[in-house]
Amino acid sequence: MSTTTAAEKLLLQMVDDYTQKEIAPQDMPMDAAGDFPAGFMEKLTATGFLGLMLPQEFGGAGFGPEITATVLNHIARGNASTAVTLEGHFKTIDQLLKYGTPALQQQLLPTATDRIFAFSMTEASGGSNPMSISSTATREGNHWVLNGDKIMITNGGLAEVYCVLVKTAPTELSVFVVDQDMPGFSFGKREDFIGLRGTPVGEIVMDHIVVDDDHLLGNLGDGGLIGDSAHDDARVLMGAVLTGIMEHELKIATDYAKERKAGDQPLTALQVTQRKVADMAIRKETTKLLYQQAAHLKALGQPYSELAAMAKAHGSRAAVSAGDDALQILAGYGYSREYPVEHLIRDARALEIAEGTVEKMRSAIALAEFNH
Ligand SMILES: Cc1cc2nc3c(=O)[nH]c(=O)nc-3n(C[C@H](O)[C@H](O)[C@H](O)COP(=O)(O)OP(=O)(O)OC[C@H]3O[C@@H](n4cnc5c(N)ncnc54)[C@H](O)[C@@H]3O)c2cc1C
């Protein structure tokens with residue numbers, strides 16, 4: 001891993017202070033309300049979080065993949081929904097940087113410091129098998145006309161700019177970029193998901209949206225490649241978020257175990273408690289190593305897809321299991337909605353599904369191993 005620079009240390013200090021003061025206190029209210037509180041996203045935006053990894057030429061802070069992931073790790077210690085909203089934004093910016101034309105980048109990226117971006121693939125026909133989508137872009141004169149319906153989109157309804165996976169021929173997938181201001185764009189249903197309840201996840205509807213050629217990412221037929229790339233970038237960050245969830249779970253469990261008595265000794269003296277805490281710590285550290293190594297390879301320009309899939313496949317079950325151990329240490333209180341453990345399990349569970357299910361990721365990891 002790279003050593004942390006002075007600017008990165010300062011950034012992490014600012015992030016930790018902000019998380020402690022502004023984000024963590026909203027963790028429980030957000031879960032109960034199923035939304036970010038009023039003014040929360042506006043304040044996060046005004047503080048500069050949206051431009052963290054955006055290159056300086058577009059007005060961002062230009063931080064690299066490793067520190068960006070670490071920032072999301074630290075934010076998730078206070079609240080995972082906030083970190084996941086930033087993850088959805090950052091992975092979309094990454095695709096514009098990799099595949100957008102210079103004209104599209106100049107038009108959209110300077111706005112990414114105060115407008116949220118999102119990446120939309122899933123449709124009612126299923127998220128795991130992209131060829132089954134029905135959204136289309138058809139050629140009309142010098143333009144493309146987009147029609148279709150995307151569901152379960154992270155930041156759907158909150159984001160203003162959307163990358164959308166469509167068919168440009170019966171077996172050809174491509175990605176276009178649309179703006180919520182375009183005629184024909186509207187929002188549909190917001191999901192009532194059981195976890196990550198601050199993050200809006202919703203539907204977008206494209207009804208005859210007309211775009212120019214420069215709103216195509218990459219080339220026609222690059223949809224599968226760009227979708228995979230978005231997943232890779234998301235999974236690095238999700239490994240970081242999952243590490244943060246486990247750090248939160250560990251803190252609750254260890255704080256409680258130090259206070260709670262079993263007869264005349266604290267829970268910390270019991271081997272059964274020690275075993276649970278040790279397992280939680282091992283799961284947290286293995287996930288951290290995986291996401292940090294994936295981010296490091298990304299920073300070096302080396303392949304990171306397999307490690308990113310491992311970070312999320314391992315980290316998501318690890319965080320659910322660590323939450324379960326924390327719940328058992330707190331016992332009756334762990335099972336109560338008055339304590340955050342039960343919602344941390346629900347938050348972690350989402351990441352066994354979002355950005356590719358763990359089944360799909362295990363297939364990708366196995367294929368990579370067969371090809372080594
Ligand atoms: C919190 C959250 C945020 C999300 N954010 C986004 C987003 O920003 N953008 C977006 O486009 N989507 C998003 N999604 C949707 C998500 O990507 C899909 O739910 C996911 O890809 C699975 O699709 P599905 O739900 O239709 O299940 P299906 O694809 O119908 O899968 C059903 C089951 O079959 C298994 N399965 C299906 N096909 C295969 C296969 N080929 N190999 C192995 N197993 C398979 C799956 O693993 C699963 O267990 C989000 C979902 C959640 C929960």
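Predicted model: local features only at pLDDT ≥ 70, side-chain atom pairs only at ≥ 80, totals over all residues.
Helix 10 itself spans residues 341–350, and because 8 of its 10 residues are buried, it is largely enclosed by the rest of the structure. To see which residues these are, show the side chains of Val 341, Glu 342, His 343, Leu 344, Ile 345, Arg 346, Asp 347 and Ala 348.

Next, colour the chain by its domain assignment, which gives domain 1 (6–113), domain 2 (117–221) and domain 3 (225–371). Turn to domain 1 and domain 3, whose centres, taken over C-alpha atoms, are separated by 21 Å, and where 23 residues of domain 1 are in contact with 31 residues of domain 3. The area buried between these two domains is about 2200 Å², with carbon and sulfur atoms giving 59% of that area.

On the side of domain 1 that touches domain 3, helix 2, helix 4 (65–78) and helix 5 each supply at least two residues.

Finally, look at the aromatic rings, which form 8 pairs. Select Phe 36 and Phe 40, whose ring centres are 5.3 Å apart and whose planes lie at 15°, so the pair is stacked; both Phe 36 and Phe 40 are buried. Then move to Tyr 162, Phe 185 and Phe 187, which ring pairs link into a cluster.

Terms used:
Residues numbered from 1 in each chain as written. Heavy atoms only, no water. Phe/Tyr/Trp six-rings, centres within 6.5 Å; stacked < 30°, edge-to-face > 60°. Buried < 20%, exposed > 50% of the residue type's maximum accessible area, 1.4 Å probe, protein only. Helix = DSSP H or I, 4+ residues; strand = E, 2+ residues; numbered from the N terminus. Domains from an automatic or database assignment. Contact = heavy atoms within 4.5 Å. Buried area = accessible area lost by both parts, 1.4 Å probe.
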